Amino acid sequence: MSIATFVLRRLARGVLTIWFAVTVTFLLLRLLPGDPALAVASPNMTEAARAALLEQYGLDKPLIVQYGLYLVQLVQGNLGVSFTQSVPVLDVLMQRLPWTLLLTGTALVATVLVGVPLGVIAASKRGTVADRAVQVIGVVGQSLFVPSVGVLLLYTFGLVLGWLPIGGAYDTGTYGNEWYLSVLSHLVLPATSLVLIQLGSYVLTMRSTLIDALGEDYTTLAHANGLPARRVLWKHALRNALLPTTTLIGLQLGFLVGGAVLTETVFAYPGIGRGIYEAVTQLDFPVLQGAFLMLAATVVVVNMITDVIYGFLDPRVKTA
C-alpha cells in the first residue's frame, strides 16, 4: 500500500467517525429531559412571538428536518447560534478553546515527560524496589477518578495550605508578566489532576514494551558486540519501545479530553469542558453540539496524525 493510499484511507475513516459522532450527539441531546424551547422563549411571551422565535431557531420542525438543516449548516461552516447568549456558537467556543488547549496540552506533555522515564527506570531495574514502586504508581494512577483527585488537590493545596488558587484561569486586574504568572498558578492544579489520572497508562505501557524490547535478538546481539548496557537501552531498545507509546498518545487523548471536561468543571476553568457543563444545565443545544463536534474532531485528527506517524515509524503498518 502506498503512503498516499494509507493517508487517504485514514482520512476517509476520520470523516466517517466525525459524521457518526455528530449524528449520535444530535440524537442524544434530544433525549435530554426538559424542553429546549424554554431556553429560547420567555414564559411571558405571546403565543405568536413564541412561535416566531421557535421558527427562527428551527425548533418547530420535525427532528429529521432539524438534523438535515444542521448537517447543511455544518458543511457551510455554521455551528448555529447559542440559545442563551444569542451569539454564534463558533465565537463562544473560540473564546474557550485556547484554555482547553493550554490545559490538555500541558497535561499531555507533562505526562509523557514523566511517564516515559519512569517506565524506563522500571524496565531497566526490573524486579527491584524501584520497579515495584513504579508499578504501584502506575496501578494507582489507573484507578483514580478525576473529580476525586481534583477535589483532593483543591482541598489540600488550595484551602488547607493556600499555596495555589482554587478556581478560574487567572486573577482579574493582572497585566504583563504578572498575568502570565497568574495563568501558570491557576493551571497547576487542574493540569496536575489530569497528569495523575493519565500517568499510570504511560508508565505501565512503557515498562512492558521496553522489557519486551530488551529481550529481543537485536538487543542480545548488541550486548554480544560489547556495546554498553546504557547505549543498548537508550539507542536500540527504547527506539522500538516508543512505537506503542506513540499510539497510546492518540488513544489516550480521548480520555484526556473527557477528563478535561470534568476537571474544568471542578476547577471552574473557562475551557470548552466548563462550557459543556453550563450548556447542559441551560439546554443550549447549539453550544453542546458545537463543543462535542470540536472535541470529537480534535480526537479524530490527532489519532489520524498518530496513525500516519506510526506508519512512517513502522512500515509494516502500511503493508498490513
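Predicted model: local features only at pLDDT ≥ 70, side-chain atom pairs only at ≥ 80, totals over all residues.
**Aromatic pairs and nonpolar cores**

With a relative accessibility of 38%, Y170 counts as partly exposed. The ring partner of Y170 is W99: the two form a stacked aromatic pair, with 5.8 Å from centre to centre and 25 degrees between the planes. W99 belongs to helix α5, whereas Y170 sits in the loop between α7 and α8, so their pairing ties together parts that lie 71 residues apart in sequence. W99 itself is buried, at a relative accessible area of 15%. Ring pairs also extend this arrangement into a cluster that links W99, Y170, W179, Y180 and Y269.

The count of aromatic pairs comes to eight. Another of these involves F157 and W163, whose ring centres are 6.0 Å apart and whose planes stand at 45 degrees, so this pair is tilted. F157 is partly exposed, at 28% relative accessibility, and W163 is exposed, at 59%.

The largest nonpolar core comprises 44 residues, and L194 and I272 have the most contacts inside it. At least two residues of this core come from each of several helices, among them α1 (3-30), α5 (89-124), α8 (176-214) and α10 (229-266). Helix α12 gives the most, with eight residues. Setting aside residues up to four places away in sequence, L194 touches L103, A107, L256, G259, A260 and T263.

Key
Residues numbered from 1 in each chain as written. Heavy atoms only, no water. Core = buried A, V, L, I, M, F, W, Y, C linked by side-chain atoms within 4.5 Å. Buried < 20%, exposed > 50% of the residue type's maximum accessible area, 1.4 Å probe, protein only. Helix = DSSP H or I, 4+ residues; strand = E, 2+ residues; numbered from the N terminus. Contact = heavy atoms within 4.5 Å. Phe/Tyr/Trp six-rings, centres within 6.5 Å; stacked < 30°, edge-to-face > 60°.
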